[in-house]
Amino acid sequence: MCESIPEMNYESPHKNDPEWKKEMKWAFRREYHENYEKVKDDVGKWKCIVAPTAPAFSGPLHILCLCLAETGHLNPLLRMARACCARDTVGRVSFVTNSFGASKVAKWLQTDPEKTGKLALYAFEDAWNESLQTQCNWFAQNEDGSLMGISNCAISKNCTACLQELVGGKLPVSCILQDMASFGYGPMLDAARKNTNKIGRKFQALQDAIVMSAPATILGAFIFKGGTRTLIHCFMAPQLVPMLKMMEAAGTELDMKAEAMKQTKVGMQDMLGSSISDVALPPNVRAVGIIADEAKADKLPQDLADFLERPGPVVYVSMGSVAAFTEEQLAKVCEGLRAPGEWRVIWSLRKGQQDILPEGGVKALGDDFLVSAWLPQVDLLMHKKVQLFVSHCGWGATCEAIISGTPVVSFPMFADQNANALLMNVLGMAKTVTLPPLKMDIMDPMGMAKQLDPMMAVSERLRNDFTPEMLREDIRLVLGDKKFLTAARQTRSMNFMYKGGAHKAAEEVETACYELNPNLKR
């Protein structure tokens, strides 16, 4: 077995050596090929992991959902799939991912079964596994996203038999609902449409019947400008109008320069007179609202309940399932979170990260800390004693902060987390470590534009330059200044009033099915 990149290897003395990085990428490829050899007899084959129990033709629509194995993309697409199942016009939802992704989805469905019996889960083997996914995440955070292309390449090469069976089967597919990052399915779909046989013609009929699922901030709406109908998992709000106007004026460039603002001729009066309806999203883009799980009514574990009942506010900390600190960074975070007598900390920290805590580990943090590898995040954020969320601002965490109305100290690490932190800063409910609070002054659009650059490029500087004092002072600021709490509660209310969520996304999918298939009977 070749050497992989384990979670605790972030402190390698060769980390900044280009040759070492190159060798690590080759090690990744070798590991993939070794794993491929182990399962090669099954590669490209598929099977039904969760069989539907409802009659196949209980509704005229058949939705085909396609996703890669990343949790942050599987979760929202599964929520949308469940919502589609709840619609009377839908007779079947077929959810397709690779074996690694399907193993996660199957566990979620076992814990919380889909009640209509319309959902079918299919898995194809592409030799992908948890170790390879972890290494991809490491490179995405610390270097680049080049390895992510390999996961999609593996999908592209091995999903063919599964998709041909589903599209060519007796139950016609009405619409393909595809996760935006799961572009590996595209080449297979394109190739299938070129065939002149019966299955090829069925794929050709689906050429325009594709809806993209985009778990992303509305501020990136213009990135999706184009022909494919796209459902962004966010909502429109008055506070977003000035920023949306600037994004629209700057095209698809999120790192807009102040000079670009001069050339747009978007005047101050235009901004002052704007309303939500004045800001037209690209015609192919629909904002469907936050798609996230509500808090369960389950009783919290006794250790959590006891910790929460003690006097004083609680700060909840989580960096999600992907982002990770180095040993040096983790030591600074520990120090920054300490504030005896001011607040206590509940920290969701993965086992690999707990292993590199400063000397003494979890016990050395003291009685003001409760640390666990897994915690019921939504339930905690909904709890009245949890008054602040220190977050990496992954999209799932961003959604949960919004639906719970919890102020955030944002610590974005990579990928879309900068944009997600920007969204919450624009809404007034967050403060990003190392950066001054965002000033949304519609009287000074140039000043607003100048703030975008550091906001969209903060993660690398933040990982390298933050100090314990910066983190502690930002927690103190957000806890002490009630404007953050007020903005968080207003944001929660705006999302509620928008009446969005998975059900709204399902309505859009249903509408797309009938618009793209005018001969379908309702």
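This is a predicted model: local features need pLDDT of at least 70, side-chain atom pairs count only at pLDDT 80 or more; totals for chains, interfaces and linings use all residues.
1. Helix 2, which covers residues 71-85, and helix 3, which covers residues 99-111, have axes that come within 11 Å of each other and cross at roughly 50°. With that angle, helix 2 is oblique to helix 3, and the crossing of the two helices is right-handed.

2. As for the residues that make this contact, helix 2 contributes Thr71, Leu74, Asn75, Leu78 and Arg82, and these meet Gly101, Lys104, Val105, Trp108 and Leu109 of helix 3. Sorted by class, the contact of helix 2 with helix 3 has 5 nonpolar, 3 polar and 2 charged residues.

3. The structure holds 9 aromatic pairs. One of them joins Tyr32 and Trp128, whose ring centres are 6.3 Å apart and whose planes stand at 50°, so that the pair is tilted. The two partners come from distant parts of the chain, 96 residues apart, with Tyr32 in helix 1 (residues 18-39) and Trp128 in the loop between strand 4 (119-124) and helix 4 (130-142). Tyr32 has a relative accessible area of 11% and is therefore buried, and Trp128, with a relative accessible area of 4%, is buried as well.

4. A further aromatic pair is formed by Phe124 and Tyr185, which is edge-to-face, with 6.2 Å from centre to centre and 90° between the planes. Because Phe124 lies in strand 4 and Tyr185 in helix 7 (residues 185-193), this pair ties together parts of the chain that are 61 residues apart in sequence. Both Phe124 and Tyr185 are buried.

5. Which residues does Leu61 touch, leaving aside its neighbours within four places in sequence? Leu61 has its place in strand 2 (residues 61-66), and at 1% relative accessibility it counts as buried, the cut-off being under 20%. Its contacts, with those neighbours left aside, are Thr89, Val90, Gly91, Arg92, Ser174, Glu510, Cys513, Tyr514 and Leu520. For Thr89, which is 28 residues from Leu61 along the chain, the C-alpha atoms of the two residues are separated by 6.0 Å.

Conventions
Residues are numbered from 1 along each chain as its sequence is written. Side-chain values use heavy atoms; hydrogens and water are left out. Axes are lines fitted to C-alpha atoms, for helices over the stretch in contact, and angles run from 0 to 180 degrees between N-to-C directions. Helices (H or I, at least four residues) and strands (E, at least two) are DSSP runs, numbered from the N terminus. Angles under 35 degrees count as roughly parallel, over 145 as roughly antiparallel, 65 to 115 as roughly perpendicular and the rest as oblique. A crossing is left-handed if the near helix is turned anticlockwise from the far one by less than a right angle, and right-handed if clockwise. Contact means heavy atoms within 4.5 Å. Ala, Val, Leu, Ile, Met, Phe, Trp, Tyr, Cys and Pro count as nonpolar, Asp, Glu, Lys and Arg as charged, and the others, Gly among them, as polar. Rings of Phe, Tyr and Trp (its six-membered ring) pair if their centres lie within 6.5 Å; planes under 30 degrees apart count as stacked, over 60 as edge-to-face and the rest as tilted. Buried means under 20% relative accessible area, exposed over 50%, partly exposed in between (1.4 Å probe, protein chains only).
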